[in-house]
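Hi everyone, thanks for coming. Please have a look at the structure on the screen while I get going.

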Amino acid sequence: MSQLRMPALFLGHGNPMNALEENRYTAAWRHAGETLPRPRAIVAVSAHWYTRGTAVTAMSSPRTIHDFGGFPQALFDTRYPAPGSPELAQQLVEQLAPVAVTLDHEWGFDHGSWGVLIKMYPQADIPVVQLSIDGTKPAAFHFEMGQKLAALRDQGVMIVASGNVVHNLRKVRWGGGDEVYPWASRFEQFVRDNLEVQSDAASHPLVNFMTHPDAALANPTPEHYLPLLYVLGARQPDDAITLPVEGMEMGAISMLSVQAG
């Protein structure tokens with residue numbers, strides 16, 4: 001029997017408290033876990049492991065990292081004890097060559113990965129490896145990394161990338177409310193309008209996102225945007241693009257999620 005192709009997901013993770021709360025975003029993540037084909041393993045790409053060089057978690061039992069502050073103790077007490085996969089980590093070293101990938105034994109799962117996976121697969125019974133984002137590389141590099149990961153999808157491996165396509169903490173409306181900054185809406189619409197584009201890294205509008213006039217406000221730093229490029233790079237020509245959930249929080253955080261396949 002042929003192996004089902006796993007989807008590639010970009011999930012807008014937003015507030016770390018989503019790990020504890022139930023809302024329409026977490027409901028969509030849970031629904032994905034309940035209805036998508038069950039993967040044999042997951043490669044997670046999180047905005048919160050932003051490194052010099054590329055690394056992959058290679059331990060058998062990765063730790064849960066609480067990389068935030070000022071939240072209730074219950075969030076710090078939360079653990080996501082999914083197993084790692086040293087075998088899959090080694091496969092990534094080979095798959096991503098000639099990019100040098102370090103087998104990491106220190107990191108673990110940061111909240112960008114476990115905060116969404118705890119809703120998708122609350123039993124924490126699927127092996128997960130986390131791949132870092134090399135912050136020294138241009139956007140095209142990350143799209144091309146996604147292209148190299150694509151073959152894993154036909155081997156039962158799901159790609160789950162996590163960030164936010166609009167992420168400006170300096171402009172968030174901490175008091176809440178529904179008013180969205182016009183620049184945030186415009187940039188998110190630009191992303192939506194170009195998700196279906198199939199091209200190489202050099203010409204893809206979403207790889208060249210910094211040419212958009214609102215890009216610098218929408219993403220003062222790129223780490224929350226770049227995970228999307230891994231999913232777009234891993235997209236196959238016959239993959240449909242769907243949006244499992246969308247929304248804008250505090251005026252400046254896009255919760256748009258994107259599924260390929």
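A word on the model before that: it is predicted, so local features need pLDDT of at least 70 and side-chain atom pairs count only at pLDDT 80 or more, while totals for chains, interfaces and linings use all residues. Residues are numbered from 1 along each chain as its sequence is written, and side-chain values use heavy atoms, with hydrogens and water left out.

Let's begin with empty space. Rolling a probe the size of a water molecule over the atoms shows where such space is left. Here a pocket is an open set of points on a 1 Å grid over the protein atoms alone, where a 1.4 Å probe fits, with protein on both sides within 12 Å along at least five of seven lines; lining residues have an atom within 4 Å of a point. Grid points are joined across faces, edges and corners, and a volume is the space filled by probe spheres set on the points.

The largest pocket has a volume of about 430 Å³. Its lining has 21 residues, and Gly14, Asn15, Pro16, Leu169 and Met250 lie nearest the centre. How does that lining divide by residue type? There are nine nonpolar, 10 polar and two charged residues. Nonpolar here covers Ala, Val, Leu, Ile, Met, Phe, Trp, Tyr, Cys and Pro; Asp, Glu, Lys and Arg are charged; the others, Gly among them, are polar.

The second largest pocket holds about 150 Å³ of space. Among the residues lining this pocket are Phe143, Gln147, His204, Leu232 and Arg235. Helix H5 (139-149) and helix H8 (227-234) each give at least two residues to the lining. Helices (H or I, at least four residues) and strands (E, at least two) are DSSP runs, numbered from the N terminus.

Now stay with H8. Is this helix mostly covered or mostly open? Mostly covered: eight of its eight residues are buried, from Pro227 through to Ala234. Buried means under 20% relative accessible area, exposed over 50%, and partly exposed in between (1.4 Å probe, protein chains only).

Leaving out residues up to four places away in sequence, Ala47 touches Pro227 and others including His13, Ile133 and His224, where contact means heavy atoms within 4.5 Å.

Last topic: salt bridges, meaning a side-chain nitrogen of Lys or Arg within 4 Å of a carboxyl oxygen of Asp or Glu. The structure holds 12 of them. One joins Arg38 and Asp125 at 3.1 Å, N to O. Arg38 sits in the loop between helix H1 (24-35) and strand E2 (41-51), and Asp125 in the loop between helix H4 (111-120) and strand E5 (128-134), so this pair ties together parts 87 residues apart in sequence. Arg38 is exposed, at 51%, and Asp125 is partly exposed, at 42%.

Another pairs Glu188 with Arg192 at 3.8 Å, N to O. Both lie in helix H6 (residues 182-194), four residues apart, about one turn of the helix. Finally, salt bridges that share partners link Arg5, Arg153, Asp154, Asp238 and Asp239 into one network.
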